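I opened a new notebook page for this structure. I wrote down each thing as I looked it up.

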Amino acid sequence: METIIKDYGSITIPEKWEQVTLGQFEKIMSIIKGEEENTSINVVKLLAILTGTDEEYINSLPAEFVESLMARLMFLNDDPTKDSDKMATNQIFIDGELYHINYMEQMKFGEYVQVNEVTRANPLDYSSILAILCRKKDEPFDDDFAANQFQKRKEMFSKRPVTDIIPLIAFFL
């Protein structure tokens, strides 16, 4: 009898919080919030998020392999700030650039309206909130920023390790 071996390719999965991006964290929190009444989380959705694949692909994997992936996720039981020596802060260096949340003056009305819209649509969309509030020194939040920089800035924050961003979220909250 011939044995058929299927190549599932290469799968990368985080093994510590420092390897989880803010974008992945937002998605994980979203499925946890959506399944609050359940005591268990949808493992297929979780693995799809953390591996950057889709649920259909995860479902096609051998059970033994999926179990080995799940074994690597024990860190999810830990608080992502547990080993962090970082306190709440209003600034972060990304690619040599300093971004900060201005707390010296009140939030501008345009910022307030945009943050309000984002939180109303999805209170877990931290990358959008930071894209609005955490900017370079003297960088205004205006129509030009909203049209030309917002999406790039949101993507920049969503790709950062969640452990780097938590101090900013703690400052904002």
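## Overall make-up

I started with burial: of the 173 residues of the protein, 35% count as buried. I am working from a predicted model, and I keep that in mind for every entry below.

Next I looked up the secondary structure, which comes to nine helices and three strands. Reading along the sequence, I noted the pattern α-α-α-α-β-β-α-α-β-α-α-α.

I turned to strand E1, residues 91–94, and asked which way its side chains point. They alternate along the strand. Ile-92 and Ile-94 point to one face and are buried.

I then looked up the partner of E1. E1 pairs with strand E2, residues 97–101, in the antiparallel sense, and I noted four bridges for this pairing.

I asked what lines the second largest pocket. The lining residues are Trp-17, Phe-25, Ile-28, Met-29, Ile-32, Ile-41, Leu-46, Met-70, Leu-73, Met-74, Leu-76 and Asn-77. I noted about 230 Å³ of space in this pocket.

Helix H1, residues 22–34, gives the largest share of the lining, four residues. Sorted by class, the lining has 11 nonpolar residues, one polar residue and no charged residues.

## Aromatic rings

I went on to the aromatic pairs, and the count comes to five. One of them is Trp-17 with Phe-25, an edge-to-face pair with 5.9 Å centre to centre and 75° between the planes. I recorded both values because a pair of aromatic rings is described by the distance of the centres and the angle of the planes.

Are the two residues of this pair buried or exposed? Trp-17 has a relative accessible area of 9%, so it is buried, the cut-off being under 20%. Phe-25 has a relative accessibility of 12% and therefore also counts as buried.

I checked whether the pair belongs to a cluster. Trp-17, Phe-25 and Phe-75 form one aromatic cluster.

My last entry is on a charge over a ring. Arg-135 lies over the face of Phe-145, at 6.0 Å from the ring centre.

Key:
Residues are numbered from 1 along each chain as its sequence is written. This is a predicted model: local features need pLDDT of at least 70, side-chain atom pairs count only at pLDDT 80 or more; totals for chains, interfaces and linings use all residues. Side-chain values use heavy atoms; hydrogens and water are left out. On a 1 Å grid over the protein atoms alone, a cavity is a set of points where a 1.4 Å probe fits but cannot get out, and a pocket is an open set with protein on both sides within 12 Å along at least five of seven lines; lining residues have an atom within 4 Å of a point. Grid points are joined across faces, edges and corners, and a volume is the space filled by probe spheres set on the points. Helices (H or I, at least four residues) and strands (E, at least two) are DSSP runs, numbered from the N terminus. Ala, Val, Leu, Ile, Met, Phe, Trp, Tyr, Cys and Pro count as nonpolar, Asp, Glu, Lys and Arg as charged, and the others, Gly among them, as polar. Buried means under 20% relative accessible area, exposed over 50%, partly exposed in between (1.4 Å probe, protein chains only). Two strands pair if DSSP finds at least two bridges between them. Rings of Phe, Tyr and Trp (its six-membered ring) pair if their centres lie within 6.5 Å; planes under 30 degrees apart count as stacked, over 60 as edge-to-face and the rest as tilted. A charge sits over a ring if NZ of Lys or CZ of Arg is within 6 Å of the ring centre and within 35 degrees of the ring normal.
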